[in-house]
Amino acid sequence: MRYIVTGADGKLAGRVAENMLKEVGGENLTFTVWNMKFVPDEKLKRWKDAGVQVFEANYDDTEALNRAFKGGDRIYVVSGLQVGKRVQQHKNAIDAAINQGVSHVTYSSGYGATDPKYAHLDVTPDHTATEVYLKETGHPYTTVRNSLYIENYLTMYPMLAMMADNVWASTAMEGRGALIAKDDAAAAATASLLGKGEDYRGYNIYGGESISVRELCELVNEVSGMNLVYDPVDEESYYQYLEKLHVPRHITGDFSKSPVPFSGDDIVTNDAAIRDGLLDVVSPDFELLTGQKQKTARDIIHESSYVWEERINNWSGMR
């Protein structure tokens with residue numbers, strides 16, 4: 001059995017890749033990366049020494065995808081970052097997998113992908129369209145619909161606050177959400193890739209605690225010794241806060257000076273989803289797939305300490 005992990009140079013799929021190395025050994029694995037030159041030499045050597053087949057193959061390069069997926073049996077397709085462009089990219093990856101005889105596709109979808117009340121959120125339509133396409137193919141698949149990641153609120157948001165005179169603005173107000181740790185999201189994806197769970201089904205991967213962004217800010221302050229000030233704001237004020245930090249309002253904007261690869265639409269609507277209770281969800285699906293309990297923000301907060309200790313000021317510095 002050969003397993004394929006796409007985007008193994010990324011923060012989520014990279015965790016899936018490392019999980020799979022432990023589970024099945026490198027001789028049974030194919031990893032694809034967006035750009036080989038951004039993979040640390042030590043990591044690339046470790047993968048290859050373990051027997052992993054490593055290919056450079058982004059979702060726009062259909063020839064490279066078909067070449068990389070040849071001989072694979074099950075694949076994990078991580079969602080791309082380019083909101084608005086990634087539906088076609090996901091289709092390219094799915095088509096290549098089917099063309100090469102891969103028997104099952106696991107796709108990392110997003111919360112609410114098949115629920116109309118989430119359709120207004122910036123990131124949802126791409127996941128919805130991808131799930132619709134997967135269903136239309138008739139090919140065996142499983143989707144793991146991840147909640148927002150706790151790590152973003154322990155790394156990116158404190159980073160932005162430090163760049164904004166220690167003000168942590170958010171449209172989340174006093175809302176609460178069951179956010180998921182990336183290690184847990186990766187554990188669920190790994191389980192699906194290994195064949196656990198049912199075909200033609202989506203699993204809703206939420207965290208096990210309901211927490212507010214204010215509480216996350218307070219936790220960061222407690223651990224870091226900083227005095228970040230949580231500022232619940234309306235949507236237009238949040239857009240302006242982000243624009244002052246060079247985060248463009250829309251995905252079509254200028255990202256040349258942006259410290260993050262996400263648009264204001266993405267950030268504002270995600271936080272507003274917390275405000276509106278759309279992520280305050282209890283789901284048994286993580287435990288069904290993994291047999292484990294989810295990590296809490298306090299469990300993983302110390303993994304983010306490098307952000308304030310090293311004064312990280314760009315997403316590229318995130319680990």
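Predicted model: local features only at pLDDT ≥ 70, side-chain atom pairs only at ≥ 80, totals over all residues.
## Reading helices, loops and buried residues

Reader: Thanks! At what angle do helix 10 and helix 11 pack?

Author: The angle is about 140°, and the axes are 10 Å apart. To put a word to an angle, use the cut-offs: over 145 degrees counts as roughly antiparallel, and 65 to 115 as roughly perpendicular. Helix 10 is therefore oblique to helix 11. The crossing of this pair is right-handed.

Reader: Which residues of helix 10 are buried?

Author: Buried means under 20% relative accessible area. In helix 10, which spans residues 235–244, the buried residues are Y238, Y239, Y241 and L242. Looking down the axis of helix 10, you find these buried residues within an arc of 160°, so they line one face of the helix.

Reader: And what do the buried residues of helix 10 pack against?

Author: Their partners are helix 7 (156–162), strand 7 (167–170) and helix 11 (264–275).

Reader: Now the ends. Which residue caps the N-terminal end of helix 10?

Author: D234 does that, with a side-chain oxygen 3.3 Å from the backbone nitrogen of E236. After helix 10 comes H246, with a positive phi near 70°.

Reader: I would like to follow one side chain. Is H90 buried or exposed?

Author: H90 belongs to helix 4 (residues 86–99). With 0% relative accessibility, H90 counts as buried.

Reader: What does the side chain of H90 make polar contacts with?

Author: A polar atom of the H90 side chain lies 2.9 Å from the backbone nitrogen of G80. The side chain of H90 also makes a polar contact with the side chain of T130, at 2.9 Å. If you set aside neighbours within four places in sequence, the residues in contact with H90 are Y59, S79, G80, Y107 and T130.

Reader: What about a loop residue, say V78? Where is V78 found?

Author: V78 lies in the loop between strand 4 (74–77) and helix 4. Its relative accessibility is 9%, so V78 counts as buried. Leaving out neighbours within four places in sequence, V78 is in contact with T6, G7, L12, A13, W34, Y59 and S108.

Reader: How do I compare sequence distance with distance in space?

Author: Take two C-alpha atoms and note both separations. V78 and S108 are 30 residues apart along the chain, with their C-alpha atoms separated by 5.2 Å. V39 and Y206 are 167 residues apart in sequence and 30 Å apart in space, C-alpha to C-alpha.

Reader: Which residues does V39 touch?

Author: Not counting residues up to four places away in sequence, V39 touches D9, V33, L44 and W47. V39 is in the loop between strand 2 (29–33) and helix 2 (41–49), and V39 counts as buried because its relative accessibility is 3%.

Reader: One from a strand to finish, please. What is S212 in contact with?

Author: S212, in strand 10 (residues 211–212), is in contact with E174, G175 and R176, leaving aside neighbours within four places in sequence. S212 is buried, with a relative accessible area of 4%.

Key
Residues numbered from 1 in each chain as written. Heavy atoms only, no water. Buried < 20%, exposed > 50% of the residue type's maximum accessible area, 1.4 Å probe, protein only. Helix = DSSP H or I, 4+ residues; strand = E, 2+ residues; numbered from the N terminus. Arc of directions from axis to C-beta. Contact = heavy atoms within 4.5 Å. Polar contact = N/O pair within 3.5 Å; in protein donor to acceptor, adjacent residues only side chain to side chain. Axes fitted to C-alpha atoms, helices over the stretch in contact; angles between N-to-C directions. Parallel < 35°, antiparallel > 145°, perpendicular 65-115°, else oblique. Left-handed = near helix turned anticlockwise from the far one by under 90°.
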